[in-house]
Amino acid sequence: MRTIIHDLDKEKLSKFNFDMEDYIVNANECKNSCIGCFSCWIKHSKYCFYKDNFSKLVDKLKNSDELIIISKSRYGCYSTNIKRVLERCLGYVLPYFEVRNNMIHHKLRYKNNLEINTFFYGVASKEDQDNLYSLVKANCINLGVINFNVNCFNEIEEITNACFD
Amino acid sequence: MHVLINGSQKSKSSNSEYFLEYISKNINECTIFSLKKDSYKNIISSIKESENVVMAFPLYVDSPNTVTICFLDYIYDNNITINKNIYVVINCGFREGEHNITALNIIKNWCKKVHANYCGAVLIGAGEVAGNKKYQFISKKVFKCLNKLSNDIENNIVSKDMITTVSLLNNKLYCMIANIS
């Protein structure tokens, strides 16, 4: 199964032929931001305390073999809406710490082979591109993900169906 | 006048607020704003009258937290020019301050795009420890960096990128203590 988190509008989304089995998450619909309460780590164990369509996204990620992120980028970061969804998934890892690659990271809740492929549009400079790579790489180390890809595009139209094969 | 901006999403006491309050004691005439509680319009009109801006926020998903990014977007999307000196304080829960580098680079890129003058940062590891009064005795290095940043803010000069964390604990010990508590 693939989970696809995107910040596209209806018209842009309709240009892509995703599979029937794909779980598609429209980040623009996420209205509740993480408030740093750490309920997902302490009280509700992995689920966000806000009850909406995003509170149990960690289960979808657990059952996915690929996570695709399609995001606008302005300064070498995910768009606000994508970032809001990612923060709601803190429960994907455990609150406990361990040393991995000589640095401290959160302990992993799941031992699965998730692959992360990211597609950024609106990327204008080399600096933004470099930072997007560092950012996704850092995310992947924290999530215990080994295989990842960072694809940067100037215009959204450059992202086509062929990109997802 | 200096504008200090707390980007934490926590409504009660946050580490970012704690570090900003410390800086505010070392500089003259400053106002602390909260991105969660104060209106963007008030904050921006104060920035326009100020000399320096200090932004403090926690690290989430290896980048500035959403509350902070919303503010960055507001300024960028509305073509607001911030031709001021920007100083940054980022804290994370991991022991190493190095985890904050990707978030700092995002701020640096943003500064270029809104014509702000990036002037230096303190990247704090073990923010939960350094931000707790009880553990001041092992947080001296962190506050030394905040002193340096405060001095440079007060003198309107370019500071450095300082990476710091608490003393006495090594990585293994930090994990052990953090996992128990």
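Let's start in chain A, at one pair of residues. Leu67(A) stands opposite Ile116(A) in strand 6 of chain A. Keep in mind throughout that this is a predicted model.

That pair belongs to a longer run. Strand 3 and strand 6 of chain A are parallel, and seven bridges join them. On to the next neighbour. Strand 6 of chain A also pairs with strand 7 of chain A, again in the parallel sense, over six bridges. One pairing to look at there is Tyr121(A), which stands opposite Phe153(A) in strand 7.

How many residues of strand 6 of chain A are buried? Five of the seven, so strand 6 is largely enclosed by the rest of the structure.

Now the other side of strand 3. Strand 1 of chain A, residues 2-6, runs parallel to strand 3, residues 66-72, and five bridges join the two. Within strand 3 of chain A, Ile68(A) is the residue opposite Ile4(A).

Most residues other than glycine have a negative phi. Phe38(A) is not a glycine, yet its phi is positive, about 60 degrees. Lys46(A) is not a glycine either, and its phi is positive at about 75 degrees. Where are they? Phe38(A) is in the loop between strand 2 and helix 2 of chain A, with helix 2 covering residues 57-62. Lys46(A) also lies in the loop between strand 2 and helix 2. Phe38(A) has 15 C-beta neighbours inside 10 Å, so it counts as partly exposed. Lys46(A) has 19 such neighbours inside 10 Å, and therefore counts as partly exposed.

Strand 1 of chain B runs parallel to strand 2 of chain B, with five bridges between them. Asn6(B) has Ser34(B) as its bridge partner in strand 2.

Then helix 1 of chain B, residues 15-26. At 1.5 Å a residue, its twelve residues should span 16 Å, and the end C-alpha atoms are 17 Å apart, which agrees. Which of its residues are buried? Asn15(B), Ser16(B), Phe19(B), Leu20(B) and Ile23(B). They cover an arc of only 135 degrees around the axis, so they are on the same side of helix 1 of chain B. The general rule is 3.6 residues a turn in an α-helix, so residues three or four places apart point the same way. What do the buried residues of helix 1 pack against? Their partners in chain B include strand 1, strand 2, strand 3 and helix 6.

Helix 4 of chain B takes us to the other chain. Its 13 residues should span 18 Å at 1.5 Å a residue; the end C-alpha atoms are 19 Å apart, which agrees. Its buried residues include Leu104(B), Ile107(B), Trp110(B) and Cys111(B). Here is the helix I asked you to hold on to. The buried residues of helix 4 of chain B pack against helix 4 of chain A, and also against elements of chain B including helix 3 and strand 5. After helix 4 of chain B comes His115(B), with a positive phi near 60 degrees.

Last, the contact between the chains. In total, 27 residues of chain B are in contact with 28 residues of chain A. On the chain B side, the elements giving two or more residues are helix 3 (66-77), helix 4 (101-113) and helix 7 (171-180). That side of chain B divides into twelve nonpolar, eight polar and seven charged residues.

Key: Residues are numbered from 1 along each chain as its sequence is written. Chains are lettered from A and ligands numbered from 1 in the order in which they are written. This is a predicted model: local features need pLDDT of at least 70, side-chain atom pairs count only at pLDDT 80 or more; totals for chains, interfaces and linings use all residues. Two residues are in contact if their C-beta atoms, placed from the backbone, lie within 7 Å. Helices (H or I, at least four residues) and strands (E, at least two) are DSSP runs, numbered from the N terminus. Ala, Val, Leu, Ile, Met, Phe, Trp, Tyr, Cys and Pro count as nonpolar, Asp, Glu, Lys and Arg as charged, and the others, Gly among them, as polar. Two strands pair if DSSP finds at least two bridges between them. The expected span of a helix is 1.5 Å times one less than its number of residues. A residue is buried if 20 or more other C-beta atoms lie within 10 Å of its own, exposed if 12 or fewer, and partly exposed in between; C-beta atoms are placed from the backbone. The arc is that of the directions from the helix axis to the C-beta atoms.
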